[in-house]
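Reader: Could you walk me through this model and tell me what stands behind each label?
Author: Gladly; here it is.

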Amino acid sequence: HIASKQVTVSQAAAQVTQPSAPSPTTPPSPPPTIDSKGPEGVVDTPTEGAGGLTGAIAVSGWAVDDTGVTKVEIWRSRVIGENGSNNLVYIGNALFVEGARPDVAALHSAKPHATRAGWGMLVLSNMLPNADGSPGRGNGTYTLHVFAHDAAGRSTKLGKLTITCSSKLGTPPFGRMHTPQ
């Protein structure tokens, strides 16, 4: 309820409003949620400087936040021959894995979704361009960037790591096709 009073000041009229006291039956509003910082967490795999990687590369770790982690994104730095206004190239969103990190869940039990703090994504080395700009796929040194986002719209860079892939050393697919008789 808003109470109004007409007040005259030096021949000019002004409208002044004052909130009335809440009725005893009206519950007080809860205080707003204050998100003091973005998510926290780490990148567990791959390790910084890992080399000779080929095939499916596990990018994994954990993230928690006082408002809840909504997504974890994996990006990479651009390589020779790639253009664009942003220096990063989006690879994809990691998946949250319920129960994967009971140690983190126990340590951060008061935070939303702590039981699914573990996240992961497989990056296929043959889906990366050659880092030196040459024809082919998945050979060279790449820098990965991992960002966690929370429900309040904040984001935190969980890690930046350099890896070296050698798809040319990977085992080629094998098998035979049979034509039905």
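The talk below takes the labels one by one.

Author: This is a predicted model, in which local features need pLDDT of at least 70, side-chain atom pairs count only at pLDDT 80 or more, and totals for chains, interfaces and linings use all residues. Residues are numbered from 1 along each chain as its sequence is written, and side-chain values use heavy atoms, with hydrogens and water left out.

Reader: What is the mean pLDDT of the protein chain?
Author: The mean is 83, and 78% of the residues reach 70 or more; pLDDT is the predictor's confidence in each residue, from 0 to 100. Over residues 1-24 the pLDDT is below 50, and this stretch has 22 contacts beyond near neighbours in sequence (a contact means heavy atoms within 4.5 Å). Residues 27-34 are also below 50, with two such contacts. Where pLDDT is low, the predicted coordinates should not be read in detail.

Reader: Why is the contact between D44 and R101 called a salt bridge?
Author: The term asks for a side-chain nitrogen of Lys or Arg within 4 Å of a carboxyl oxygen of Asp or Glu. The closest N and O atoms of D44 and R101 are 2.6 Å apart, so the pair qualifies. This bridge links distant parts of the chain: D44 lies in strand β3 and R101 in the loop between β7 and α1 (102-107), 57 residues apart.

Reader: How many salt bridges are there by this rule?
Author: The count comes to six. One of them joins K37 and E40, with the closest N and O atoms 3.9 Å apart, and K37, E40 and K111 are linked in a network.

Reader: In the bridge between K71 and E73, what makes E73 buried or exposed?
Author: Buried means under 20% relative accessible area, exposed over 50%, and partly exposed in between (1.4 Å probe, protein chains only). E73 has 11%, so E73 counts as buried, whereas K71 at 32% is partly exposed. Their closest N and O atoms are 3.2 Å apart.

Reader: What makes a set of residues a nonpolar core?
Author: The members are buried Ala, Val, Leu, Ile, Met, Phe, Trp, Tyr and Cys residues joined through side-chain atoms within 4.5 Å. The largest such core has 24 residues, and those with the most contacts inside it are V72, W119, V146 and I163. At least two residues each come from β4, β5 (69-77), β8, β9 (139-150) and β10 (155-166).

Reader: How many residues does the chain have, and what share is buried?
Author: Of its 181 residues, 34% are buried.

Notes:
Helix = DSSP H or I, 4+ residues; strand = E, 2+ residues; numbered from the N terminus.
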